[in-house]
Amino acid sequence: MDASALPRCATDPEGVIAEAVVAVEPAMPSELIRSVVRTTFPRGTQRRKLAELLQGDLSWLTQGRSESPTIVERLIRALREQGAVHVQQPRCGACGQARRLVGVLPGSASRICNTCEGRRRHEANPCAVCGRPEFMTRDRDGRPRCRAHPPDDGADPIEGLCRVIQQICPNLSEKTVTEAVRAVEPVTARQRKPLWALEDRPDLLTGHGAHGPAKVLHLIAALRERGAVNLVAPACPYSGREVPLPRTHDGLRCCAECRSAARAEPCAWCGRDRPVMGRTHDGLPLCHACRQHNPVVHQVCAQCGERRYIQARKDGRPLCHRCHQYPTATCSDCGEQRPCLHISTDAPLCVPCTRKRRPRAICVGCQRDNQVSYRTADGEPLCSSCGATHRPCAQCGRTLRIHGIAPNGDELCPTCWRHHPARKQPCSECGTVTRLHHYGLCPDCAARARLRDVLSVQGRMRPGIEPVFNALVRQPGTSLLYWLNRCPARLTVLRTLAAGSGPVTHDTLDNLRPAKVVDNLRMHLVAGGTLPARDEQLAALERWLAARTAQVRDPESRRVLQAYVTWHLLRRLRRFSRRRPVSQAQAHGVRAYVTQVVRLLNWLHTQDVALSTCTQGLLDAWLDDYPARGPRVHGFLVWTSRNGHTRQLAVELPTPTFTGQLIAQDTRWQLVNRLIHDEQIPVPDKAAGLLALLFAQDVSRVVALTTEHVEVTRSAVLLRLGQVPAQMPPPLDDFIRTNAPRAGDGHGHGRGALAAPGPLSRPAPQPQPARPSSPSARRPAAYGPQHCPRRAGFRAARGHGQPAARCSPEHRRLLEAHRWAGQRLRRRGSQPSLNHHSLSRSHQ
């Protein structure tokens with residue numbers, strides 16, 4: 001039902017009541033009247049009924065009619081307490097006095113005051129013994145009695161209760177029973193009802209208490225607290241559960257769930273048999289789920305301003321389910337600081353953990369073990385997919401699960417609801433109209449608030465952690481929320497940084513664990529400019545080497561190994577890292593060498609032999625079991641003998657065998673010709689293949705090229721393959737010029753210049769800058785023979801320099817004339833500047 005089709009007294013009862021009161025009391029402000037209405041009538045049904053009365057007739061406030069309903073009298077009393085003077089309090093229909101009205105005059109709609117109601121009650125209930133109109137109480141048979149003739153001749157009911165209870169529990173003293181009875185019911189006249197019930201049925205104390213009054217159940221609980229052992233608290237007669245029985249059904253005490261199930265009716269909207277939790281404006285029953293979509297109970301949210309179902313109130317302000325946030329506490333299950341339920345108990349639970357605690361069973365629909373979300377009419381479990389009601393979508397007409405309800409009441413499937421304009425709402429913080437994430441916030445604002453909460457200690461974020469916040473908040477909100485909530489270890493690392501002191505540096509992150517989470521965070525901080533870029537492979541290798549060398553047992557051997565690592569291995573790697581980052585293969589090789597050296601030194605220690613006294617026989621004995629260790633300790637032994645730490649020791653090295661595939665000159669020119677003229681080959685593959693065939697570049701180096709290596713001008717294309725940029729000959733320059741603009745078109749800075757652009761696998765956080773990610777690196781070599789596995793052998797097979805691009809006889813002679821280019825490439829690691837026109841002039 002659309003809210004616009006309802007009368008105003010149903011959608012805005014407070015406004016209708018305020019306007020009616022202002023018409024009678026012009027001096028009272030509207031906000032004060034609204035506050036009085038909300039305080040006096042907390043339930044929406046009372047406000048709607050009162051608004052309907054005042055909208056039809058304002059005389060209820062001014063004429064003081066005795067037939068005024070109770071809600072009108074309560075409103076007038078509350079207004080007069082706030083200073084109202086024109087409203088008139090209803091008068092008694094019998095005496096005409098302006099008093100509190102408590103009863104109804106028989107035979108009419110007029111209400112009467114307490115005094116007149118007492119007089120009427122005495123006259124209508126004369127004493128069954130003397131006939132005097134002095135009604136006081138009733139006897140066992142329900143007949144009225146006066147004060148002079150009490151029931152049971154005025155006997156004390158506590159004595160009778162003690163007699164009945166001590167027959168079942170002889171260990172209880174009369175004093176204990178008396179204390180329990182008076183704690184349950186202090187009024188003497190009301191103590192007779194449980195006494196009469198126990199005298200008629202003593203078994204109420206031994207498990208059949210559901211057949212008696214509620215005071216018997218309270219008396220059983222009070223006696224059990226005081227040590228009674230023979231008394232049995234009754235179970236629910238319908239469900240059999242041992243729970244409190246606060247309700248009544250068919251004359252028996254029952255639990256609240258059974259009472260709700262007994263009141264079940266077919267819902268007017270979904271058609272399911274559910275307990276009635278609300279009604280439409282026309283009085284039709286609604287279940288709990290449909291009641292939340294009933295526009296009659298919707299109110300304007302104080303935070304987002306939208307008219308929605310009110311989830312809770314904070315400081316008197318109504319909040320919808322999007323804006324309401326549960327109090328934050330430490331979840332007793334996952335240990336995270338999150339909005340939790342049961343906040344007042346010792347075991348608060350966050351919302352995700354609460355959902356995980358739902359019972360699991362075999363679904364009768366799909367026969368899978370899943371969480372129970374629904375149940376059949378017979379009580380059989382159903383999962384969320386099988387139990388959800390499927391109805392026709394109002395927009396596409398397909399019978400699917402209803403995912404949302406439009407403002408006009410149309411039920412929409414998930415697809416239609418995702419694209420419906422009502423799905424997008426303005427953010428309560430920034431005002432952006434988008435799909436809200438939670439609590440009335442868009443994903444960006446929600447991610448910012450979530451990250452600030454994680455990085456804050458006692459609500460404040462220290463200055464040293466603000467650069468981390470600025471670096472992470474640059475990512476899209478949806479991706480940042482996914483990144484934060486996906487791994488709990490990330491939150492632990494961030495909270496550890498927030499609780500620390502000083503700025504966040506690489507050394508700070510090196511001391512945190514787990515390593516994968518820290519490395520991922522370091523990547524984002526480097527990309528955001530918070531931390532300077534460094535060679536991560538080299539840094540990780542340095543930390544590993546320090547820990548590995550400490551495992552050498554002999555102090556003198558440990559000192560020699562530390563010198564070898566520092567002045568030989570690390571010095572070479574640091575010199576290499578000035579030109580390019582250390583690769584993972586290089587770091588893995590160093591780890592393999594040092595691991596075997598540590599094993600050799602520890603083996604010598606077990607043999608009580610110092611490194612300086614190691615002989616060739618001992619070395620051969622260590623290598624007998626694992627001959628493959630020899631090449632990995634060869635470099636260490638050469639270095640120690642050269643520096644005087646050991647004698648000359650020989651290690652047998654395996655004879656290198658070349659297994660690579662050699663490419664003949666004619667075959668290579670056929671491949672070049674195909675790369676130039678075959679239109680089916682993508683342009684990035686053409687450029688990569690020509691660089692491999694003509695410029696002796698490995699595929700791993702080609703896919704690592706970025707836009708920083710390319711310099712495009714109107715007359716030439718320069719590609720920095722080494723220290724000196726090389727000018728690309730045609731048509732290779734056209735291929736690179738075609739790919740160079742696409743490499744920096746916004747698909748990600750630092751991607752391979754020869755890679756076809758495409759989106760990243762996940763939108764955020766973005767990878768580290770200058771880290772190539774190229775489909776060409778994963779594309780098989782489908783256009784010719786596989787490359788040789790050894791770089792030296794491969795370059796020896798085709799390292800004849802840099803030919804011109806056209807495979808004509810003239811260009812082949814140019815290739816022979818410039819054979820020195822390949823040799824210079826191997827010596828200096830750079831490319832000579834090659835100009836096609838200069839080559840032509842030299843050939844002439």
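Contact here means heavy atoms within 4.5 Å. With that in hand, let's walk through this predicted model.

Start with the whole chain. The protein chain has 844 residues, and 41% of them are buried. Its secondary structure comes to 34 helices and 30 strands. Among contacts between residues at least 6 apart in sequence, 44% join residues at least 24 apart. The chain exposes about 45500 Å², with carbon and sulfur atoms supplying 49% of that area.

Now zoom in on helix H8, which covers residues 174–184. Its buried residues are Thr176, Val177, Thr178, Ala180, Val181 and Val184. What do they pack against? Their partners are helix H7 (157–168), helix H9 (188–200) and helix H10 (214–225).

Next, visit Arg322, in the loop between strand S14 (317–320) and strand S15 (328–330). Is this arginine buried or exposed? Arg322 counts as buried because its relative accessible area is 18%, and the cut-off for buried is under 20%. Beyond its neighbours within four places in sequence, Arg322 is in contact with Arg308, Arg423, Leu436, His438, Tyr439 and Gly440. Cys304 lies 18 residues from Arg322 along the chain, and their C-alpha atoms are separated by 8.7 Å.

Arg571, Arg572, Arg575, Arg578, Arg579 and Arg580 form a positive surface patch. One of them, Arg571, sits in helix H23 (residues 555–577). Arg571 counts as partly exposed because its relative accessibility is 45%.

Note on methods:
Residues are numbered from 1 along each chain as its sequence is written. This is a predicted model: local features need pLDDT of at least 70, side-chain atom pairs count only at pLDDT 80 or more; totals for chains, interfaces and linings use all residues. Side-chain values use heavy atoms; hydrogens and water are left out. Buried means under 20% relative accessible area, exposed over 50%, partly exposed in between (1.4 Å probe, protein chains only). Helices (H or I, at least four residues) and strands (E, at least two) are DSSP runs, numbered from the N terminus. Patches are made of residues with over 30% relative accessible area and no salt bridge: like charges are joined within 9 Å, nonpolar side chains (Val, Leu, Ile, Met, Phe, Trp, Tyr) within 5 Å. Accessible areas come from the Shrake-Rupley method with a 1.4 Å probe; for residues, only the protein chains shown count as cover. A salt bridge is a side-chain nitrogen of Lys or Arg within 4 Å of a carboxyl oxygen of Asp or Glu. Lys and Arg count as positive and Asp and Glu as negative; His and the chain ends are not counted. The place of a charge is taken as NZ of Lys, CZ of Arg, CG of Asp or CD of Glu.
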